[in-house]
Each structure stands twice: as C-alpha cells, then as structure tokens.
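I opened this entry to keep track of what I looked up, element by element, with the sequence beside me. The notes follow the order in which I went through them.

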Amino acid sequence: MNAAALWRFLRHRVFIFDPWLSTVLLAISLISLVTMYSAAGEGSERLVVHARNLGMAVMITWLVASLDPRHLRAVAIPIYLVGLALLFGVELMGITAKGAKRWLDLGFTRIQPAELMKIAIPLMLAWFFHISQNRLRSRYVHLMAIMLLVLPVALVGRQPDLGTAILIGSAGAFVIYFAGLSWRVILGSLVVGLAAMPLLWLNMKPYQKERVLTMIDPTNDPLGKGFHIIQSTIAVGSGGLQGKGWLRGTQAHLDFVPERTTDFIFSVYAEEFGLVGTGILLALYTAFIARGLMIASQAQSLFSRLLAASMTMIVFTYAFVNIGMVIGILPVVGVPLPFMSYGGTALVTLGVGCGMLMCIAHENAMQRHRAGRQFIFQ
C-alpha cells in the first residue's frame, strides 16, 4: 500500500470526525473535567470515572460515525421493537427502586430500557418518514408517527420517569416537526394541551405536584423540597460577572449545592466562572446546535436530514431543561447537562447521537468531494 492509498484509507476510516463539532465537543469536555475536579473534590474517584466515561463516549462516537447512514436506517425497526419489548418487560417484571420501576434485570446486568428509546425513537420516525416521503402531506402519516411516539412515552411515564419521558417525547416531536407537520396541527395541539392541564394535574402523582409547586415558590419548604432550587440559584447568582474563581465556590465546597456532580453541576460552574464563563459555555452549546442544523440542512436523504436535526435538538433539550431547572424556571426532573454531568448512561446516549451526526456530516463531505471531482473532469 503506497502513501496515497494509506492516506485515503485513514481519511475515510479514521479521520471521520467533523472538525467543527469536534472542536466544540472538545472544549465542552475540557470545561466539564475542570468543573468536575472542583465539584467532586480533589482526589475524588468521580473525576477519574467521568474522564473514563468521556473517553468511552468518544470511542462510541467514532464507531457510530464510521457507519454508513444506510446501516442506521436498516437497524431502525429492530432497535425500536427491542426497546418496546424491554419497556413492556419493565412494566411486567421490572425492578423497583426509590419508588420507580425503571430497571430490568437480565441476570448478568441491569439495564434501563428508557435510555435506548432516546435513540430508537428518532431512528424509527426518521425511517418511517423516509419511506413515506411521497405522502408527507397526508394527515394519516403524521397520525401514525404520533402513535409510534406516544406508546413508548406513555410506558416511560408510567415507570414513572418524567425527565426521560420529556426527552423521548421531544426527540420524536422534533422529527415530526421537521418532517413538515402543519402549523395548524401544532397550534391545535397546544390549545388542546392547555385545555387538558387541569385533567393532567388531577392525574399527577403527589411528588410530581410537589415539584411544580416547589418551582413556583421554593420558599414554601426552604429546608425540604425547595432546598435544591434555592441553593442552586444562590450559587448561580453569587458568581457575579467573573465568578469567585476555580475551586473557590463556597456554595459547592460547603456542601450547600446537592447533586453538584450530576444534575446541578451548572450551578458549580456558574458560581466559579460567573456570567462570563456561563456565556462561553452557552455559546459552545449554541455553536453545536448551529453546526448540527447545518449538517441536517446539507444531508443527502430525508432520513439523514430528520435524524441529524433530531439529534441536534436533543442536545438543545438536555441543556435547556437542565439549566432551566438549575435556575428555577423549570421543575427538577433529573435531566443531566450534556457532556458536563457525571453519569455513564447519558454520555453513552449522547455519544451515539454525536456519532450519528458525524456519520451524516461525513456522508455530506464525501458527496461534496465526489461532486468536486465530477466538476473537475467535466
């Protein structure tokens, strides 16, 4: 194999990461390691595990990015059906812990099938609209897509796991929206949803009602249910413009901020790096979303376009919901901050999603390369 052939092999099999996405993800990952060092404490094993999980996410991203989008399309139905079967398995014989039945014991390990549906739903709906692209204006196509989405969301909601149900529902809703759902249907759904709010409230579990009431006024129970929100907002606000400095966050280091390595890591970062640091992090997330939507707009097929757009907007939903609950404008639902929060499962899911984005970006680049060669030889 000569040097030119070796370079072609490496370029098409190894160097497949989109440079813009890679730069943004690298920057966020470095920020997460710096923040985790402070949040977990010097010498904490959590920092080592978090670094290992980030490395694992990179490997998963590379493996998925090396696939052809046609391979992703081929596994859409099997992954969706397996995910549904596992959710029904949780319903019938799942393991209950902390008042929720979310895990399934396979004998050699325990899994949380709801996590699989974060990937399965966008894949399935993108595949469904791809094969139905000649009938996208038909209301029955969109109705069928909604049915494919509602069933797993309902099963996850029954566990109960509101945070994951929101993420799965959002992932599917984005695919349906980008497939061309009519604004009349969207506005009609919003009106129906608002009208159904009293019924939804009556059917909510007591702890879910407490979360909503705590979000509205956390001072009603400042040492109990409202403690998380009060302390996290104090930490965010006390950072000021430039922050207190790395490792100098008093709210975090005096143990006032709960779950500071997972759901509330943003409050640790905001306290130590202030409005300037927060602006940089939000700019990085915005750059990720902008690049992801650009990749979607250049995709070579409807399947790739819908999948790339949905995966991009999942990251937006993760970030929006997490930051919203940390600053007290959304209920606390246990959604991690993308690539920042401690937790292997979320990083694996995000790694798969980023791998799909990289896969589609690579396909776009190869198509531009082929088009350029054809232009040269014409």
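This is a predicted model: local features need pLDDT of at least 70, side-chain atom pairs count only at pLDDT 80 or more; totals for chains, interfaces and linings use all residues.

**Helix 6**

With that angle in mind I went to helix 6, where a kink of about 35° lies at Ile119, shortly before the proline Pro122. I then looked up the span of helix 6, which covers residues 113-131, and found 26 Å from the first C-alpha to the last for its 19 residues, close to the 27 Å expected at 1.5 Å a residue. Helix 6 is mostly covered, since I find 17 of its 19 residues listed as buried.

**The nonpolar core**

Next I asked which residues touch the most other members of the largest nonpolar core. This core holds 95 residues, and the ones that touch the most other members are Phe129, Phe288, Leu307, Leu337 and Met356. Helix 15 (residues 302-326) gives the largest share of this core, with 16 residues.

**Asn364**

I then moved to Asn364, which lies in helix 16 (residues 344-377). Is Asn364 buried or exposed? I count Asn364 as buried because its relative accessible area is 2%, and the cut-off for that word is under 20%. The side chain of Asn364 reaches the backbone oxygen of Ile295 at 3.1 Å. Not counting residues up to four places away in sequence, Asn364 touches Ile295, Gln298, Ala299 and Gln300.

**Salt bridges**

I looked up the salt bridges and found that the count comes to six; I took notes on some of them.

The side chains of Glu91 and Arg158 meet in a salt bridge, with 2.6 Å from N to O. Glu91 lies in helix 5 (residues 76-93), whereas Arg158 is in the loop between helix 7 (139-157) and helix 8 (162-178), so this pair ties together parts that are 67 residues apart in sequence. Glu91 is partly exposed at 25% relative accessibility, while Arg158 is exposed at 57%.

For Glu271 and Lys244 I noted a salt bridge at 3.0 Å, N to O. Glu271 belongs to helix 14 (residues 265-297) and Lys244 to the loop between helix 12 (227-238) and helix 13 (250-253), so the pair ties together parts that are 27 residues apart in sequence. Here Glu271 is buried, with a relative accessible area of 0%, whereas Lys244 counts as partly exposed at 29%.

I also checked Arg260 and Asp255, whose side chains meet in a salt bridge at 2.9 Å, N to O. Arg260 is partly exposed at 23% relative accessibility, and Asp255 is exposed at 52%.

**Lys205**

Last I looked up where Lys205 is found, which is the loop between helix 10 (197-203) and helix 11 (206-216). Lys205 counts as partly exposed because its relative accessible area is 39%. The C-alpha atoms of Lys205 and Pro160 are separated by 9.2 Å, although these residues are 45 residues apart along the chain.

Conventions:
Residues are numbered from 1 along each chain as its sequence is written. Side-chain values use heavy atoms; hydrogens and water are left out. Helices (H or I, at least four residues) and strands (E, at least two) are DSSP runs, numbered from the N terminus. Buried means under 20% relative accessible area, exposed over 50%, partly exposed in between (1.4 Å probe, protein chains only). A polar contact is a pair of N or O atoms within 3.5 Å; within protein, one must be able to donate a hydrogen and the other to accept it, and residues adjacent in sequence count only if both atoms are side-chain atoms. Contact means heavy atoms within 4.5 Å. A nonpolar core is a set of buried Ala, Val, Leu, Ile, Met, Phe, Trp, Tyr and Cys residues joined through side-chain atoms within 4.5 Å. A salt bridge is a side-chain nitrogen of Lys or Arg within 4 Å of a carboxyl oxygen of Asp or Glu. The expected span of a helix is 1.5 Å times one less than its number of residues. The bend at a residue is the angle between axes fitted to the seven residues ending there and the seven starting there.
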